[in-house]
Every structure is written in structure tokens, then in C-alpha cells.
2 protein chains.
Amino acid sequence: MKQAISEIEHELRDVEDIMSTDDEDLKMHGFSEWSSVKLDTLPIAVAYPRNTEQISAIARICHKWKVPIIPYSGGSSLEGHTAAPFGGVSMDFVYMDRIVQINEDDMDVVVQPSVQWVDLNEKLKRMKTGLFFPMDPAPSAKIGGMISTNCSGTNAVHYGTMRDWVVNLTVVLADGSVIKTRQRPRKSSAGYNLNGLFVGSEGTLGIVTEATLKLAVVPENYSVAVVPFNTIHDAVSAATHVIRKGIPVAAVELMDETQMRIVNEGGTTRPRVWKEKPTLFFKLAGSKVMLDEMIQRVKGITESHGSEDFEFARDEREQTLLWSARKESLYSLLALRKDGEEMWNTDVAVPLSRLADIIVASKEEAASLGINACVKGHVGDGNFHENITYDTTKPGEFEKAKTAVKNMVRRAIEMEGTCTGEHGIGFGKKEALELEVGSGTILFMEPRESV
Amino acid sequence: MKQAISEIEHELRDVEDIMSTDDEDLKMHGFSEWSSVKLDTLPIAVAYPRNTEQISAIARICHKWKVPIIPYSGGSSLEGHTAAPFGGVSMDFVYMDRIVQINEDDMDVVVQPSVQWVDLNEKLKRMKTGLFFPMDPAPSAKIGGMISTNCSGTNAVHYGTMRDWVVNLTVVLADGSVIKTRQRPRKSSAGYNLNGLFVGSEGTLGIVTEATLKLAVVPENYSVAVVPFNTIHDAVSAATHVIRKGIPVAAVELMDETQMRIVNEGGTTRPRVWKEKPTLFFKLAGSKVMLDEMIQRVKGITESHGSEDFEFARDEREQTLLWSARKESLYSLLALRKDGEEMWNTDVAVPLSRLADIIVASKEEAASLGINACVKGHVGDGNFHENITYDTTKPGEFEKAKTAVKNMVRRAIEMEGTCTGEHGIGFGKKEALELEVGSGTILFMEPRESV
């Protein structure tokens with residue numbers, strides 16, 4: 001591995017700080033406090049390429065010396081995607097953070113992997129394009145990782161997931177060769193769908209060095225509605241009912257009573273105090289006329305599922321206020337952690353009709369194990385997150401968390417669901433993936449290894 | 001090859017008529033009057049499997065004897081997808097036409113490859129599910145082929161393409177092994193996106209024997225608007241303007257003045273006589289309130305692009321009438337063909353801002369070549385079709401058609417577009433694909449052949 005590094009340093013000697021072997025740097029890239037998987041290995045170097053050619057050179061040399069490369073962008077993944085089990089080179093795209101081209105008339109944008117999606121949207125807003133990029137994962141997420149895990153977030157029920165928004169990718173393959181998946185048509189049936197193959201492949205098939213993404217039109221108006229229910233089943237039935245009525249909501253999110261309590265305790269949304277009940281958050285978008293009608297309809301439906309308390313935002317200030325509980329949910333959890341406590345944040349997805357059942361079963365199990373867990377769901381997609389907080393100083397707590405996650409995943413698979421709706425496999429869910437799709441499908445994904 | 005067939009016949013001797021070598025049958029499967037490619041080879045047998053196990057057995061035996069298999073469902077593809085250049089076995093799924101399971105609460109459906117999408121939608125309507133499958137290719141298209149070519153049609157601007165609607169696939173691989181890509185979650189980031197890989201792979205990676213598809217909610221109401229313009233540029237600008245305003249139209253289709261004339265001449269929509277101008281057809285869907293607003297807005301925008309003649313449907317009868325020109329466009333063309341005339345129907349897609357330019361350039365070239373061509377476009381996606389009618393009895397006519405198609409494809413690629421937006425590559429566009437994505441990308445798609 002050292003030989004590979006010195007060869008890279010030699011070949012790219014004109015590039016300042018192309019490689020780092022600084023201890024802090026290695027730790028920052030190989031270890032993640034967010035991750036469900038904490039390995040005790042680190043990369044042996046971090047590469048800081050500035051362009052596709054340099055990445056190609058690094059890949060060529062690493063290929064020759066059989067040194068693994070671990071692409072790194074936002075570092076906010078949850079299943080150990082940036083871990084370095086075999087050492088190797090972590091490749092940080094921090095210097096490749098340019099918005100290369102905004103094609104307003106074509107409604108697309110060309111970006112480098114280290115562009116943060118929130119910055120992209122800021123820029124599109126500042127330029128008054130009337131366009132935005134509608135994926136909505138953690139604010140720290142960057143395009144490279146978002147492609148890698150096929151991210152989505154709260155907007156997926158309306159806008160789909162990352163793979164629906166990729167027009168083309170420039171990819172450096174393992175041996176250093178460079179391919180571009182397509183040109184810039186918004187729609188194509190030409191050849192294998194390589195976009196769809198690389199999106200979600202978690203860096204295992206190649207390194208994405210540039211991407212063209214579709215943009216969507218910013219809705220004229222938004223509103224937010226917050227609706228507490230008596231039970232998880234009521235909330236999920238109401239959400240499903242809204243979707244089955246074809247009401248084009250921009251997002252519908254569930255937070256359970258525990259998560260609502262945590263937001264109250266976290267205090268970041270004060271002076272507002274939330275009802276500590278299973279609660280739906282609707283984001284509504286469209287013309288004023290559409291919004292008024294949607295609000296009336298959603299209100300009618302939620303009432304028919306036992307909610308007596310429908311609140312909607314009349315202006316932007318109220319929108320921000322009402323959405324704040326959803327937005328602050330993770331930060332409230334993090335802020336309330338005591339010394340020695342860690343958080344396990346995981347997701348699964350199931351067919352719509354099974355969502356309430358699996359949420360309730362998972363909550364019951366967490367309660368019977370005596371661990372702290374709360375639930376947030378992208379209910380329109382049958383996808384939800386369980387956040388488990390456990391005390392690393394108490395013996396057996398980590399094992400309990402592990403049991404809860406493992407059983408939730410098993411349950412999702414038994415319900416014909418998936419071990420992850422949006423976080424990806426990483427190292428945390430390799431076994432779960434095999435349980436989900438079977439060894440034949442794994443063998444097709446990874447034909448050289450016998451499973 | 002004969003050995004393979006007798007081995008299949010022996011192994012599946014209990015299945016009635018599993019193989020046919022009847023001349024008519026071979027011709028029906030290997031030759032297509034729709035196709036841009038007419039080879040003088042035929043398959044040496046047609047297989048009629050009843051289930052995945054039989055397909056697996058046939059694949060295993062064909063693999064052993066190196067006999068190609070050509071999957072066959074609706075037979076309406078346009079680029080020679082069902083042709084048999086090396087003989088082999090055409091595999092017709094006609095006995096696998098079952099809707100296996102409708103999961104109304106999960107908004108999905110499990111189907112066999114020979115289900116016709118129009119029949120599926122009929123059944124969903126009859127059962128009053130309030131759901132439908134929103135892809136909209138030729139009415140004769142079947143699910144197997146629709147998956148194979150990543151089909152779409154008029155609804156794509158709102159609903160996306162086939163790959164967005166596949167939940168899982170059961171696939172028989174070349175060696176006869178059977179995999180299932182996923183279970184039934186509507187959203188997943190687990191493992192490689194094999195759905196996206198098989199969709200659009202045109203039968204080259206495996207044989208799809210069963211699919212689970214997402215369903216959409218049937219809109220409460222529809223309307224149709226028909227708007228003639230003075231020029232193609234005006235029509236395309238108006239369509240783009242509507243999209244950039246975020247007006248959620250269900251479809252927006254363009255037909256040029258020639259296509260409008262042909263519909264008049266075809267007479268299938270009589271007594272209605274259409275203006276023979278470039279015309280936009282809007283399909284609008286939603287609540288009554290939404291429809292009223294959309295109609296007003298679309299009217300305002302089209303007027304600002306020089307249209308003086310906005311017509312919209314007030315009821316279902318008028319909808320059918322107004323949409324009829326779009327629907328009958330291909331049949332009118334076919335009906336008006338004279339003896340010896342054939343039709344070449346091809347498609348390309350370009351970035352939105354280039355659509356009007358390429359349509360105009362392609363029409364001008366057809367005119368200068370003196371051939372009959374008309375244009376239909378899925379303008380919201382930058383995708384359009386050119387239908388060329390040529391006289392096979394006149395020397396040089398076929399070559400002219402070929403020149404027109406070749407140049408249109410070249411032009412699309414020069415504009416950063418694609419050689420096909422929805423029809424696929426087949427045999428007709430293999431060279432165009434390489435021109436479009438380059439030899440490196442082709443090599444990644446097909447690593448064993450040096451290109």
C-alpha cells in the first residue's frame with residue numbers, strides 16, 4: 001500500500017497536498033460517530049483530488065497495487081459506508097465542490113461530487129431560476145454520497161428518489177478508465193441504464209466524479225399541516241387515505257409520541273409545546289387555489305381518522321414553525337444524549353399496508369427491552385426510521401439496541417419489505433441484504449465471490 | 001440447435017406444444033412489419049412456456065448448446081428487438097398472461113410478462129380499485145416488452161418511465177438460474193438496483209418471468225385541451241413555458257401540421273376537421289377546482305405564444321373527441337399508406353431547449369429529400385417521433401428515409417441528446433448507441449467484446 005501511495009505522490013507531485021497520512025485526517029475519514037458500524041481499522045492515506053484525471057491516475061495506481069479506494073463526500077452516512085476495513089485510500093472530494101453548469105432552459109445542472117445539496121438549492125434560489133433539486137436527506141449530505149446511497153428524504157413521496165433525478169454520471173472505474181453514462185437527455189431508452197446501476201452502488205462499482213441532475217420547478221406556495229392522532233394506526237391510516245385519494249401532497253411525515261416528547265424536551269422549538277401523540281406532518285405545495293382545497297380535504301380525512309386537532313400554516317413564518325418539530329427531531333435527540341450515550345439511527349421499508357404493524361411491533365419490542373427508541377416515518381413510501389439511544393457505559397445496552405435493530409429488519413423482510421429504504425447497506429446491513437434478496441441474487445450482484 | 005430443441009422437447013414432454021417449428025410461427029416471431037430492421041433470418045423454433053420453471057429449463061438447455069433465446073411478448077417493438085439474427089429460440093410468453101395478484105392496499109400488482117397494459121387497466125377499473133398503471137405505449141404492448149425497452153408514452157412527463165414503476169422482477173438468467181430482484185417495498189436502497197438494470201436491457205441480461213409494478217391513483221377528473229400554433233417553435237415554447245410554471249399537466253403532446261393533415265385525410269375522427277397547424281394536446285387531471293385553474297393558466301400561456309384558438313373538453317365525450325386526433329395519429333398514417341409503402345417510425349430525445357430546433361431541422365431535411373415525414377412529440381420530455389412513409393417500389397426512396405433517420409439521430413446526439421427516448425436500441429440503433437455514449441461506455445456495457 002505504501003508503494004501505491006508513493007507512486008501516486010510521485011505521479012501527481014505537482015498537485016499540492018494530494019495525499020495525507022496525518023493521523024487526525026485518517027481518523028476523521030475512517031471513523032464516524034454517526035455510523036452503526038465502528039471498525040478499528042483506518043485508511044492508510046487520504047487523497048484530495050481536484051479533477052477526474054487525477055482520480056483516474058489514483059485509481060490506476062491503486063488498481064495496480066490492489067489498494068482499495070473509499071470515496072468520501074459528506075461523511076454523514078449511517079451504515080459505515082466510509083469505513084476502511086482493509087485500509088486503503090479514502091478519497092475526499094472536498095476540492096471538487098463546483099457547480100459546473102446550470103442549464104436553466106433544460107432544467108438541469110452539472111455538479112461535482114462535493115457539492116452540498118443545500119448549497120445547490122441556495123444558489124438556484126439566489127439566481128432566481130425558479131428551480132430546485134428536490135432530494136432532502138441530512139443537510140450535510142453531498143451529491144456524491146447522495147448518488148452512492150440512492151438517498152431521498154421527506155420529499156420522496158412526491159418526487160421519488162435520487163435515481164429518478166440523475167441525467168448522467170462521469171465515473172472512474174476501478175482500473176482508472178473514465179466513462180460517461182449518457183449525454184443530457186431528460187429521458188432515454190438507449191443502452192443499459194448505467195445511471196440506475198451506479199446510483200445506490202455505494203462506491204463499489206466506480207467513483208462518480210461529475211453528475212448532471214434534473215431540477216424541478218419550485219412550487220408557487222407551500223403550506224404545512226400538523227395533525228396529532230390517538231394511535232400510530234390512526235395516523236398511518238389517515239396518511240394512506242390521503243394518498244389513496246390522490247391528493248398530491250409534497251410530503252407526509254410521521255413522528256411518534258416519544259419523538260414529539262423529545263422535541264418538547266429538547267426545547268429548540270420553544271415556546272411552542274407539542275402534543276405528545278403520534279403526529280402527521282403534511283407539506284402541501286401548489287397554487288393558492290390548490291392549497292386551499294388540499295387543506296380542506298386533508299383536514300376532512302384526518303378528522304375521519306379520529307384527529308380533533310388540525311393545524312395549518314397561514315404564512316411562511318407559521319410554516320417554518322410547524323415544520324420545525326420535524327426538522328429538529330434528530331437534533332433534539334442528539335442534544336438530549338447524556339454522557340456515554342450513543343445513537344443508532346436505522347431505516348427499513350415495507351409495503352404500505354404493513355407500515356403501522358411494523359412500527360407498533362418495533363416500538364413494543366423496544367419497550368420490552370427497556371431501551372429508548374423513537375420513530376419517524378416517510379409514511380407515503382412505507383419507509384421509517386427508528387432512533388435508538390443506548391448507554392455505552394451500561395453493560396448489555398448495546399446488545400439490546402442490536403437486538404432491536406436486527407428484529408426490526410427481520411420483521412420488515414418477513415413483511416416483504418426491505419432492510420433499508422434510503423440509508424443503504426454499507427457494512428451495517430450486509431447480512432440483512434442476503435436475508436432480504438437471497439443468495440442467488442447476491443451472487444448475481446457479486447459474481448466472483450461464492451456466497 | 002436442433003439437439004437443444006429435442007432436448008427441451010424431451011425434458012418438457014409433459015407440456016403440450018411447448019415448442020413449435022411451424023414455418024408460419026417462425027415467420028410471425030422473427031419478422032415484424034413494424035420494425036426498422038428486417039433481417040432475412042428466422043428463429044429455428046418458438047417456445048411456449050407456461051411458468052418460470054419451464055423457462056429456466058429451456059434457458060439451461062439453450063445455454064448448454066449455446067443457442068440464443070429471443071424473448072417475445074407484444075411484438076410491437078420498432079427497432080428489431082424480436083429479430084433472430086443467429087436463429088435460436090423465440091420465447092413467446094402468450095400462455096403467461098395472468099394478473100397474479102392485486103395488492104390494492106399496497107398499490108401494487110404482480111403480473112406475468114404477457115399481460116397487456118390496457119387489459120390490466122381495464123381490470124383495475126372493473127374492480128373499482130381507483131388505481132391504474134400509468135405507462136402508455138402502443139395499446140398492443142405487453143408488460144414483458146415494456147420492461148425490456150423501458151417504455152413510456154404520453155404520460156411520462158407526469159409519471160416518469162417504466163423503470164420508475166417496477167417494484168421487483170423475477171428473472172431467469174442465461175444459465176437458467178432464477179433470481180428475484182427485490183421483495184415488495186415501494187422504496188429501497190438495498191443492494192444494486194437490479195430493477196433499473198433489467199428494465200431497458202432488451203432481453204440481453206435475462207428473461208423477465210414475473211413483475212411487481214406500482215400503481216397510481218386514478219385522477220378524479222380529466223380534461224383535454226387542443227391548441228394550434230403558427231410555428232413549431234411557438235408550440236414548443238408554449239409547452240416549455242407551461243412546464244416551467246410548474247403547472248402539473250398529465251401530458252403535453254405535439255403534432256405537426258403534416259400529422260394533423262393526415263388525421264383529417266384518414267377520416268377516423270370525422271366529422272371533426274382539424275386545423276392543419278402545429279398543435280399541442282394537453283391532458284389535464286385533478287380535482288374540478290384544479291382543472292378549472294389549470295385550464296385558465298394553460299390558456300393564458302398558450303395565448304402569449306400566439307395561439308388564438310384554445311379548445312378544451314367540458315365532458316368525457318368531448319375529451320375523447322379532442323384526444324382522438326392524438327390517438328388516431330399512427331392509425332391514420334397506416335391507413336393512408338398506398339400499396340408498396342412502408343413506414344419508418346423512430347424516436348430521439350434532446351435537452352428541452354433544443355427540441356424545437358431539432359424538429360424543424362428534421363422536417364426541413366425530410367422536405368429537401370422529398371420524402372413524406374411527420375412529427376409527434378412528447379414535448380415535456382424533449383422526446384419526439386418522426387414517422388417516415390416511403391415507397392418500396394421506387395428506387396432510392398428507402399435510402400432517403402435511411403438518410404433522414406440517420407441524420408436526425410446524429411443531430412440529436414450533437415445536441416447532447418439520445419438516439420432513442422423510449423423505443424430502445426434493438427438492432428436498428430446499435431451504431432447510434434456507440435456514437436452517443438462512446439466506445440468506453442459500450443465496453444463497460446459489454447465487457448467481453450472488444451469494440
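The C-alpha centres of domain 1 and domain 3 of chain A lie 42 Å apart. The model described here is predicted. The domain assignment divides chain A into four parts: domain 1 (2–92), domain 2 (99–217), domain 3 (221–335) and domain 4 (337–444).

The extent of the interface was then considered. In chain A, 77 residues are in contact with 76 residues of chain B. The size of an interface is often given as the accessible area lost when the parts come together. Between chain A and chain B about 6300 Å² is buried, and 55% of this area is on carbon and sulfur atoms. Three residues, A:Lys187, A:Tyr192 and A:Arg244, supply 15% of the area that chain A buries against chain B, more than any other three residues.

Chain A and chain B are linked by 10 salt bridges. In a salt bridge between B:Arg184 and A:Glu416, the side chains meet with an N to O distance of 3.0 Å. On the side of chain A that touches chain B, the elements giving two or more residues are the strand β9 (178–180) and the helices α7 (194–198), α8 (232–244), α10 (288–304), α14 (430–437) and α15 (439–445). By class, that side of chain A comprises 28 nonpolar, 29 polar and 20 charged residues.

A:Glu416, which takes part in the salt bridge with B:Arg184, is placed in the loop between α13 (397–414) and α14 of chain A. The phi angle of A:Glu416 is near 65°, a positive value in a residue other than glycine. In chain A, a cis peptide bond joins A:Arg270 and A:Pro271, with omega about 10°. A:Pro271 lies in the loop between α9 (257–266) and β14 (279–286) of chain A. In chain B, B:Arg270 and B:Pro271 are joined by a cis peptide bond, with omega about 10°, and B:Pro271 is found in the loop between α9 (257–266) and β14 (279–286) of chain B.

Notes: Residues are numbered from 1 along each chain as its sequence is written. Chains are lettered from A and ligands numbered from 1 in the order in which they are written. This is a predicted model: local features need pLDDT of at least 70, side-chain atom pairs count only at pLDDT 80 or more; totals for chains, interfaces and linings use all residues. Side-chain values use heavy atoms; hydrogens and water are left out. Contact means heavy atoms within 4.5 Å. Buried area is the accessible area (1.4 Å probe) that two parts lose on being put together, summed over both. A salt bridge is a side-chain nitrogen of Lys or Arg within 4 Å of a carboxyl oxygen of Asp or Glu. Helices (H or I, at least four residues) and strands (E, at least two) are DSSP runs, numbered from the N terminus. Ala, Val, Leu, Ile, Met, Phe, Trp, Tyr, Cys and Pro count as nonpolar, Asp, Glu, Lys and Arg as charged, and the others, Gly among them, as polar. Domain bounds come from an automatic or database domain assignment.
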